[in-house]
Amino acid sequence: MASSVTAIQPSHLRSTFLGEKKGFTLSIPVPQIGFRRKNVECKESRIGKQPIVVPSNVAITMDGQDLKVKGPLGQLSITYPREVIVQREDSGSLRVKKAVETRRANQMHGLFRTLTDNMVVGVSKGFDKRLQLVGVGYRAMLEGKDLVLSLGFSHPVRMTIPEDLSVKVEENTRVIVSGYDKSSVGQFAATIRSWRPPEPYKGKGVKYADEIIRRKEGKAGKKK
């Protein structure tokens with residue numbers, strides 16, 4: 001009696017998770033994973049929603065996303081990103097608003113409102129930074145368009161004053177930097193301070209007039 005043999009055909013189904021073994025593959029169902037979309041609420045900036053008062057001696061020119069501000073002290077311009085827009089109200093004030101409701105627009109809202117306000121104040125009133133030189137022999141003087149500092153180095157430090165800034169020296173130890181661009185005033189004042197930052201033990205160096213230096217105690221003498 002002849003015996004019959006049935007051939008087993010290998011399956012063509014393959015699984016990503018289990019490899020083929022002895023000609024057979026296993027198929028395991030994978031459940032679908034769903035994602036929930038959550039809307040992010042963007043609160044309105046408290047700084048951004050405040051109006052910007054424009055003095056009568058300041059001229060405003062608006063062209064799309066470009067804004068030019070001209071006053072008695074100078075002229076400044078700015079280009080707004082697409083996330084914010086600037087509008088002029090009937091009262092003459094400026095108001096920066098969000099063009100879209102996104103987290104980045106909320107960040108740009110307060111930032112560009114502050115930059116716009118700095119421009120208006122700068123061309124009408126100006127900004128200044130006051131520095132003080134503390135230390136024996138530390139002196140400052142003006143030579144033409146240069147600010148010359150004696151800060152204890154083997155040579156004096158000479159700095160060329162930018163055209164849009166003015167510098168005054170009082171009593172050889174106080175320096176006043178003024179101008180209509182707040183960023184330029186702050187940058188030049190920071191550069192002066194960087195030549196000799198105040199040290200924490202005796203407070204010697206160049207510091208801002210309203211800067212408070214936290215003092216450290218010196219090392220105590222060796223006990224006998």
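This is a predicted model: local features need pLDDT of at least 70, side-chain atom pairs count only at pLDDT 80 or more; totals for chains, interfaces and linings use all residues.
Reader: Okay, and where does Thr173 lie?
Author: Thr173 sits in the loop between β10 and β11.

Reader: What is Thr173 in contact with, leaving aside its neighbours within four places in sequence?
Author: Setting those neighbours aside, Thr173 contacts Leu131, Gln132, Leu133, Tyr138 and Arg139.

Reader: Let me zoom out. How many helices and strands does the protein chain have?
Author: There are 2 helices and 12 strands in the protein chain. Starting at the N terminus, the elements go β-β-β-β-β-α-β-β-β-β-β-β-α-β.

Reader: And how many of the residues are buried, as a percentage?
Author: Of the 224 residues in the protein chain, 30% are buried. As for contacts between residues at least 6 apart in sequence, 49% of them join residues at least 24 apart.

Reader: Sheets next. In what order do β7, β8 and β9 come in their sheet?
Author: The order is β7-β8-β9, in an open sheet of 3 strands with antiparallel pairing. Its edge strands are β7 (139-143) and β9 (157-160), each of which pairs on one side only. On average, neighbouring strands in this sheet are turned by 20° against each other, ignoring direction.

Reader: What holds strands of a sheet together anyway?
Author: Strands of a sheet pair through backbone hydrogen bonds, in a parallel or antiparallel way.

Reader: Back to this one, then. How many bridges do β8 and β9 pair over?
Author: Strand β8, residues 146-150, pairs with β9 over 4 bridges, in the antiparallel sense. As an example, Leu147 has Met159 in β9 as its bridge partner.

Reader: Which helix packs on the sheet?
Author: That's α2, residues 182-194, which touches β8 and β9. The direction of α2 makes about 170° with that of β9.

Reader: What span should α2 have, going by its residues?
Author: With 13 residues at 1.5 Å a residue, α2 should span 18 Å. The end C-alpha atoms of α2 are 18 Å apart, so the two agree.

Reader: Which residues of α2 are buried?
Author: Val185, Phe188, Ala189 and Ile192 are buried in α2. They cover an arc of only 100° around the axis, so they lie on the same side of α2. Ser183 and Gln187, on the other side of α2, are exposed.

Reader: What covers the buried residues of α2?
Author: The cover includes β6 (127-134), β8, β9, β10 (165-170), β11 (174-179) and β12 (205-208).

Reader: Switching topic: how many salt bridges does the count come to?
Author: The count comes to 8 salt bridges. One of them is formed by Arg104 and Glu83, whose closest N and O atoms are 3.2 Å apart.

Reader: Why does that pair tie together parts that are apart in sequence?
Author: Because Arg104 is in helix α1 (residues 103-124), while Glu83 is in the loop between β3 (75-79) and β4 (84-88), parts that are 21 residues apart in sequence. Glu83 is buried at a relative accessible area of 7%, whereas Arg104 is partly exposed at 46% relative accessibility.

Reader: What about Asp146, which residue does Asp146 form a salt bridge with?
Author: Asp146 forms a salt bridge with Arg158, and the closest N and O atoms are 3.5 Å apart. That pair links distant parts of the chain, with Asp146 in strand β8 and Arg158 in strand β9, 12 residues apart. Asp146 is buried at 18% relative accessible area, and Arg158 is partly exposed at 49% relative accessibility.

Reader: Last one. Where does Ser77 lie, and is Ser77 buried or exposed?
Author: Ser77 lies in strand β3 and is exposed, with a relative accessible area of 55%. Not counting residues up to four places away in sequence, Ser77 touches Leu67, Lys68 and Met119. The C-alpha atoms of Ser77 and Asp66 are separated by 7.3 Å, and these two residues are 11 residues apart along the chain.

Methods
Residues are numbered from 1 along each chain as its sequence is written. Side-chain values use heavy atoms; hydrogens and water are left out. Two strands pair if DSSP finds at least two bridges between them. Axes are lines fitted to C-alpha atoms, for helices over the stretch in contact, and angles run from 0 to 180 degrees between N-to-C directions. Contact means heavy atoms within 4.5 Å. The expected span of a helix is 1.5 Å times one less than its number of residues. Buried means under 20% relative accessible area, exposed over 50%, partly exposed in between (1.4 Å probe, protein chains only). The arc is that of the directions from the helix axis to the C-beta atoms. A salt bridge is a side-chain nitrogen of Lys or Arg within 4 Å of a carboxyl oxygen of Asp or Glu.
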